[in-house]
Amino acid sequence: MLRIGLTGGMGAGKSTVARALAEHGAVIIDSDLIAREVVAPGTPGLAALVEAFGADILAADGSLDRPALAAKAFRDDESRATLNSITHPLVGQRTAELLAAAAPDAIVVQDVPLLVENNMAPFVNLVLVVDAATETRLRRLVEFRGVAEDDARARIAAQATDEQRYAAADVLLDNNGPAGAVEAEVARLWEQRLVPFEANMRAGIAVRPEFGLVEARPEWAAQAQRLIARLRVAAGAAAVQVDHIGATAVPGLLAPDVLELQVTVTDRAASDGIRDALAGAGFPPLADQAGAPEPGAADMQQRVHGNADPGRPAVVHVRVAGDPAGEVALAFRDWLRAEEQARVEYADVVRGAAKEAEAVAGAGAWAAFDAVRQSWLSGMSPRVLDWHAARPERGAAQ
């Protein structure tokens, strides 16, 4: 099952995107709808609200009078906490039931207006953010929903900022265009990314792109942080730390467009123990794939995973705390970030390795590239470790 988080500011067009995804076959779990269901007349949720806030929160027909509840529940932090303590577990329980009922090959879209505000992004496999300019959103709220302009501005201001949503977005869906434009974008996304992503997860296949070097991309850092957050959730207490390593972690360097991440765990048992959890989060073991090598004798403390998402190739090294390979990986990253001459040397090596790779056809290109690069890195390790040990403060995890 592939779990997608869908969000966007009020008036951005999230409902339009949800409908389009449903038409393609997605299972939609609407958190707003669930929030209403769990406090419908006759439910334990409504009874609990009445007990906590009084019978005057009910309308004449016995349903919940939402403005009356809001007047009481949002008057202070304690009342708000009481409301949340009643509704949040019920919404969570119902969401879990719907997830459990979905087919193993389902693409489940969780429509959550406050996904960013509630820090839910690490708990799904991919986040889709529907985006539209503030003035466009205001116009839609006023013209199509009948919301007063001052109220609409206040509601928008109370939500996450555009920047916060952009930081959480694996995919940003632009809904500023004409009617039908975002639906066409959703269709491409469905065919080219979501369907392959689900199939890869179910089959335990990580994306292995063709070899190629690209100029440094500013989005690498944010993309890495989103994957790191998911890896932390999946690994749980077994993870000592999770880091962005390799050339994509160093601004300005040429590199293949494949993120390198490192999960440091407490011991080998922990490494084995999180194997299935990482796969369930979208990071299957590379060793399960045909032609993918097991860790070498020199690095038997490592497990290697990849990313099933065709839109964001990544390699995840799972290493035991104290493993020299893990310490060297962090030291190299910090050295390259700090020393311009080191970056110049590394860039020359990478260009040479790329030439070797280009002379080899097919899957062997990656092996040829890594052989040249690893040979240089191995020779430089003592120098890098000496540099790292001499630093006044060891580099913090990134």
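Buried here means under 20% relative accessible area, exposed means over 50%, and partly exposed sits in between, with a 1.4 Å probe and protein chains only. What you have open is a predicted model, where local features need pLDDT of at least 70 and side-chain atom pairs count only at pLDDT 80 or more, while totals for chains, interfaces and linings use all residues. Residues are numbered from 1 along each chain as its sequence is written, and side-chain values use heavy atoms, leaving out hydrogens and water.

Start by selecting F211 and F369: both are buried, and F211 has a relative accessible area of 17%.

Now for the rings. Phe, Tyr and Trp (its six-membered ring) pair if their centres lie within 6.5 Å; planes under 30 degrees apart are stacked, over 60 edge-to-face, the rest tilted. Searching the whole structure turns up seven aromatic pairs. F211 is in the loop between helix 9 (181-203) and strand 6 (213-214), and W366, 155 residues apart from it, is in helix 15 (residues 364-390). Helices (H or I, at least four residues) and strands (E, at least two) are DSSP runs, numbered from the N terminus. W366 is partly exposed, at 23%. Back to F211 with F369: that pair is tilted, 4.8 Å centre to centre with 45° between the planes.

Next, select F332, W335, Y346 and W376, which make up one aromatic cluster.

Last stop: L49, in helix 3 (residues 44-53). At 1% relative accessibility, L49 is buried. Beyond neighbours within four places in sequence, its contacts (heavy atoms within 4.5 Å) include V39, I57 and L83.
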